[in-house]
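Please read it beside the sequence and the structure.

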Amino acid sequence: MNDQPASATAARARSHTAPPCALVIFGTSGDLTRRLLMPAVYNLSKAARLSSNFALIGVDRSKRTMQQFHDDLGEGIRKFVSDTGGNSEAGGGEPFDEKAWNFLTQRTNLVDGDVTQPLTYKRIAEDLERAKREHQTGGNAVFYLAVASSLFGTIIENLAAAGLMEETDDHWRRVIIEKPFGNDLASAKALNARVLKVVKESQVFRMDHFLGKETVQNIMALRFANSIFEPLWNRDHIDNVQITVAETVGVERRAAFYEQTGAMRDMVPNHVFQLLSLTAMEPPNSFDPDAVRTEKTKALQGLVPFDEGDLQRNVVRGQYTAGVVRDQNVSAYRDSDGVAPNSKTETYVAMRLAIDNWRWAGVPFYLRTGKSMTRRTSEIAIQFKHAPFALFRDTAVDSLSANVLALQIQPDEGASLQFSAKKPGPEIQLGGVRMDFRYRDYFRAAPSTGYETLVYDCMIGDQTLFQRADSVEAGWSAVQPILDLWKNDHRAPLEFYAAGSAGPEGADEMLWRSGRAWRPID
Ligand code: BG6
């Protein structure tokens, strides 16, 4: 098998340009392709990251002509190319690069077909042969499944049955799927089993788009490329860790999906646990993809299982009521189109977790995520233990703030360190101060949707930023007891919080009980 790099470093050092390949996109007319995937492919083309032996093949049933297809995608790219998930101004205002776009249109073909029908895969096989002849793709292919997750198993089975996942010494075949990987532990296991029956783990790239964010990748750089943080990164020095993913968006037009999903399934076993595992993992032996993924998985496997007592003490679920978010009136979740008037779906969840290992024993990890909150912010805050008070006993205790290292994931990407300093004057009085690092002050980010690195990494065969089957299952295993208890136990009530607030009161109480408080969101 060619081009399977031994490590991320090796892969990146070997070549700046991805190897020859065809990118086959299932679901070209969907939102994901238009908003994120195609703008990312365009950005890769612009940055000369794609091989000159590249081909793009779209598969769907839209019966569009090639011109219509190009027009649709071109319009999407112009609109979304600088848009990191719809929220950032990174790269905004860059002129449209006709050369990069023409590079793609000259290499694009459409295959019309129903993805449940074997005939479609025969056509894809023929088109891959054509791409190999016309564009010298070498027979390598990435299949990107930008379709409903219910089709993942069907498409992968059909690809395998048509021989399209077979690898040889001359060519490789890979498939990218994006969350949700199941909607509970059982369905995630079933999907993994179904997929791994017909393809190898090394061919499956399970994408969590949080890992495409530079600041998420930076967690490892911060921890393992600096010598000042790691010696403090343990229970001897850290009092607690707070992970916040607060959003201002509400359910929008996704009620059909969200009613069945809720904040826990939508955000916790995937995005929030990516942040948790990168924060809590042990240093890997190398940056070999499997070395990294093994350590991340071990961190999740170390989470202490929830029991019934925890459900009342250590988990809070909430739903937003009417309120004002960023000066806009927002109606209650239950009044949104497509939402049941008595819906019990949570739009907010907070929990206290513990990791049972040498490094973290006794350190609570507090997680919270919610929609329609006061401000959009995602951060990891490492809260250090208080200094011994004796020396400063004449200083008001509340002004002796603990040191906090806050990694700001988005927006306003950066990191800050909070510590105490002496206030000027004859008395010894302390005040809290902050040292700030902002990405934009040091680095000029290339326009990015966050998908560029992930698509490129798949092309070079680097799985570091993709989820392995055991890691997906470890995430679901940790939340499954809560999902089960919520289903059967009415002693864990749904709380309400006003849209535009920082979440339900129960979440504050959860921390107060141990003499702690959340970091303010606004
Ligand atoms: C998605 C969730 O996976 O991630 C959405 O389904 C959520 O509900 C989104 O809004 C958050 O991603 P980002 O990149 O906008 O922070």
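## Backbone details and ligand site

P411 sits in the loop that joins β14 and β15. Helices (H or I, at least four residues) and strands (E, at least two) are DSSP runs, numbered from the N terminus. The peptide bond from Q410 to P411 is cis, with omega near -20°. This is a predicted model, in which local features need pLDDT of at least 70, side-chain atom pairs count only at pLDDT 80 or more, and totals for chains, interfaces and linings use all residues. Residues are numbered from 1 along each chain as its sequence is written, and side-chain values use heavy atoms, with hydrogens and water left out.

P180 is placed in the loop between β5 (173–178) and α7 (185–198). A48 has phi near 55°, a positive value in a residue other than glycine. A48 belongs to the loop between α2 (31–46) and β2 (54–60).

Now the ligand. Its shell holds 13 residues, and K213, E247, D266, H271 and Q410 are the closest. A residue counts as near if one of its heavy atoms lies within 4 Å of the molecule. Helix α9 (residues 255–280) gives the most to this shell, with 3 residues. By class, the shell has 2 nonpolar, 4 polar and 7 charged residues. Ala, Val, Leu, Ile, Met, Phe, Trp, Tyr, Cys and Pro count as nonpolar, Asp, Glu, Lys and Arg as charged, and the others, Gly among them, as polar.

The table gives distances from a polar side-chain atom to an oxygen atom of the ligand.

| Residue | Distance to a ligand oxygen |
|---|---|
| K179 | 2.7 Å |
| D266 | 2.6 Å |
| K371 | 2.7 Å |

On its own the ligand has 400 Å² of accessible area, and the protein covers 85% of it. Accessible areas come from the Shrake-Rupley method with a 1.4 Å probe.

## Cavities and pocket

How many cavities of 30 Å³ or more does the structure hold? There are 4. On a 1 Å grid over the protein atoms alone, a cavity is a set of points where a 1.4 Å probe fits but cannot get out. A pocket is an open set with protein on both sides within 12 Å along at least five of seven lines, and lining residues have an atom within 4 Å of a point. Grid points are joined across faces, edges and corners, and a volume is the space filled by probe spheres set on the points.

The largest cavity has a volume of about 60 Å³. Its lining consists of K179, P180, F181, P269, N270, Q467, V472 and W476. α9 and α14 (469–488) are the elements that give two or more residues to this lining. The lining divides into 5 nonpolar, 2 polar and 1 charged.

The second largest pocket has about 680 Å³ of space. It is lined by 32 residues, with Q383, V404, Q418, R519 and P520 nearest its centre. At least two lining residues come from each of β7 (238–246), β13 (377–384), β14 (404–410), β15 (414–422) and β16 (430–438). The classes are 9 nonpolar, 12 polar and 11 charged.

## Domains

The domain assignment, automatic or from a database, gives domain 1 (8–178) and domain 2 (211–512). Their C-alpha centres lie 32 Å apart.

Terms used:
Polar contact = N/O pair within 3.5 Å; in protein donor to acceptor, adjacent residues only side chain to side chain.
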